Amino acid sequence: MNIFQRLGYFSVGLFMGIIILIFFLSGKKTSCSYFPNARTLKSIRVKERHFDANAMKFFTENKIDTSNISSILENGKVHFGESITDRDSCNVYLISGETATKPIQFKVENCDSIATIQEVDFYSEK
């Protein structure tokens, strides 16, 4: 079997594999979030969210809707250097993102089944 026949068989197999994957994965909400930032944000998004009393007060005073928090948890940035990630049970992450008016940052205590938003404040981007 020469190299052209091998490439032909390989191409047919690759093409069939891609078609099968498209058939099985079509219509499903599949995602590939391999980077630490994306994995952390997804982990927080899928959990039940609670808001600290101070955080709710900040949102009410500044007329920030909790849908802005959902948007930040979709597109925000996790600052791992300023986060506490060495705990056994609940890690605390510092997350920043843009609202309609100003950029904000907040801390999220990410436990097994609950994510608690705490310590919200405006910040200036560096």
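In which helix is methionine 16 found? Select methionine 16 and you land in helix H1, residues 3–25; helices here are DSSP runs of H or I with at least four residues, strands are runs of E with at least two, and both are numbered from the N terminus.

Before moving on, note that this is a predicted model, where local features need pLDDT of at least 70 and side-chain atom pairs count only at pLDDT 80 or more, while totals for chains, interfaces and linings use all residues. Residues are numbered from 1 along each chain as its sequence is written, and side-chain values use heavy atoms, leaving out hydrogens and water.

Stop 1: Colour 1–30 as domain 1 and 36–122 as domain 2, bounds that come from an automatic or database domain assignment. Their centres, taken over C-alpha atoms, are 41 Å apart.

**Stop 2: phenylalanine 106.** Now pick this residue in strand S4 (residues 103–110). Phenylalanine 106 is buried, at 0% relative accessible area (buried is under 20%, exposed over 50%, partly exposed in between, with a 1.4 Å probe and protein chains only). Show its contacts, meaning heavy atoms within 4.5 Å: beyond four places in sequence they include Ile69, Leu73, Tyr93, Ile95 and Val120.

**Stop 3: the salt bridges.** There are three to find, each a side-chain nitrogen of Lys or Arg within 4 Å of a carboxyl oxygen of Asp or Glu.

- Arginine 45 and glutamate 74 meet at 3.5 Å, N to O. Arginine 45 is in helix H2 (residues 36–45) and glutamate 74 in helix H4 (residues 66–75), so the pair ties together parts 29 residues apart in sequence.
- Glutamate 109 pairs with arginine 87, with the closest N and O atoms 3.9 Å apart. Here strand S4 is linked to the loop between strand S2 (77–84) and strand S3 (91–98).
- Lysine 107 pairs with glutamate 119 at 3.7 Å between the closest N and O atoms. This pair links strand S4 to strand S5, 12 residues apart. Lysine 107 is partly exposed at 26%, whereas glutamate 119 is exposed at 52%.

**Stop 4: aspartate 121.** Finish in strand S5 (residues 114–122), where aspartate 121 is partly exposed at 42% relative accessibility. Leaving aside neighbours within four places in sequence, aspartate 121 contacts Phe58, Ile104 and Gln105.
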